[in-house]
Amino acid sequence: MPKHITIDDLTEIMRSSIGLDDDVELTGDRSEMDFADMGYDSLALIELASQLQHRFGVKISDDEALERLRSPHTAVSYVNEQLAGQAV
Amino acid sequence: MPPETDDVRPAETGKGQSVTMNASGVRNAVITGIGVVAPTGIGTDAHWQAVLRGKSGIGRITRFDPASYPVRLAGQVPGFVARDHVSGRLLPQMDVWTHMSIAAADAALADADVNPAARPEYDMAVVTASSSGGTEFGQQEMVRLYQEGPSRVGAYQSIAWFYAATTGQLAIRYGMRGPCGVVCNEQAGGLDSLGHARRLIRSGTGLVVAGGLDASLCPYGLTAQLTNGRISTVDDPDGAYVPFDASASGYLPGEGGAILIVEDEEALGDRIPYGRIAGYASGIDPAPGRGRPRALGRVIRGALADAGIAPRDVDVVFADAMGTPEDDRDEAAALAEVFGARGVPVTAPKTLTGRLYAGGGALDVATALLAMRHNVLPHTTATTQLAPGCEIDLVLGDPRQRRLHTAVVVVRGHGGFTAAVVLQRD
């Protein structure tokens, strides 16, 4: 299980499991943009949480998914916080 | 116990008066756009050329290894690449049946020369037919369920499998917020969606995206279909599905169908429709063993009465063509009862595609409209020698040049669902 998630990892998850247009990257300004403003609904966030749990071994409840996975940047930070907490 | 009815239900308004909208106050529902994704090809032109040339889309199933299945042949859409039609943003959220439906609906709206963004959103609706829903997507998630556990079932399973998924995705895609719906009654759905679209047009909706597709050629989908006992196990692409033939052995399944744009004739401006939904009726067979006749004859008469025409006014019938001896004889008898023995040319171009379930009636309507536009009566391939008891004028060998003004399309769905549509052009 990886100990760290990058924006590239998140991009790959979005592309394969949730849906991301080919020419869109989640870097730069877009990393701070709310998923909601990019058109992702709660179903997308639940699926994202499910993928993150499976691939990184973190626990994310549905409520936490809707609360904490607001933007690509916050999602990456949140998962890395969880992973850092596990390591201690 | 429910009352035992096998009524034919013609349209509830404007019976026999639909031709004169102003006189009767009933709006005319016309078909302005066609989008085809079928074993005969992607796009209306590819489909029509395949029909004229008798180019079959039936072959060995390539989607999965069919070696261990009793049926190894099907009509598959050639060269369908979902990415060419659906953005990466939406691709993982949908079944291939919805991908194909999006491709067909985009083409149909372009064909109708309609820009949905320029029209009032509550003036447009989507009513598609589906008999299997997102089977392949569902199979993938079921495999995850039993191999990896419930937490691995994707969130999009909740929407992708559902019969209404395509209607919903199309409504979102085009911003159509009028009265949307889905019709789930197997082969009859493609025509019943048009019947319902006409109902909506008459009650004031300006445009309806109708028709339907199915794409259930995965192990789970095929296994479910096999239970009906009507699929041919003959392992010969030219001889397995030969409706009305002395060697008829059942049908072959197929994927795809057609999307049809239905509009209020008054609102067309300069645009020329393919034709008008002049008549429609639906019915259901009596329970097996009751000794009463099946619904088809009554349904055809109901549709003709609804259109205000006589059997002699019909130029061609697109048959249901089940391909099992008993069903073929029943259909031939119903046609003879309404039109007289060999009283009307009958054709079944679905021998090129297999039976497409919800897509079957929709694709037949598309083919009938193209036939009327080109004044060509498409032939039935595969069938060569009519079975005893099938006394019909089946168009065999080559297409016939013929002035076509009125076409009837009939369907029979699993479980007795039966429908007929009368199409007319000016």
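Which helix and strands of chain B do the buried residues of H10(B) pack against? Open the model and find out.

This is a predicted model, where local features need pLDDT of at least 70, side-chain atom pairs count only at pLDDT 80 or more, and totals for chains, interfaces and linings use all residues. Residues are numbered from 1 along each chain as its sequence is written, chains are lettered from A and ligands numbered from 1 in the order written, and side-chain values use heavy atoms, without hydrogens and water.

**Stop 1: the helix.** Select residues 325-339 of chain B. This is helix H10, with 15 residues. Helices are DSSP runs (H or I, at least four residues), strands likewise (E, at least two), numbered from the N terminus. From first C-alpha to last, H10(B) reaches 21 Å, close to the 21 Å expected at 1.5 Å a residue. That expected span is 1.5 Å times one less than the number of residues.

**Stop 2: its buried side.** Color B:Asp327, B:Asp328, B:Glu331, B:Ala332, B:Ala334, B:Leu335, B:Val338 and B:Phe339, which are buried (under 20% relative accessible area; exposed is over 50%, partly exposed in between; 1.4 Å probe, protein chains only). They cover an arc of only 160 degrees around the axis, so they sit on the same side of H10(B). The arc is taken from the directions from the helix axis to the C-beta atoms.

**Stop 3: the neighbors.** Now show helix H9 (296-307) and strands E11 (316-318), E12 (345-347) and E16 (406-412) of chain B. The buried residues of H10(B) pack against these elements, with contact meaning heavy atoms within 4.5 Å.

Stop 4: Click B:Gly340. Just after H10(B), this residue takes a positive phi of about 90 degrees.
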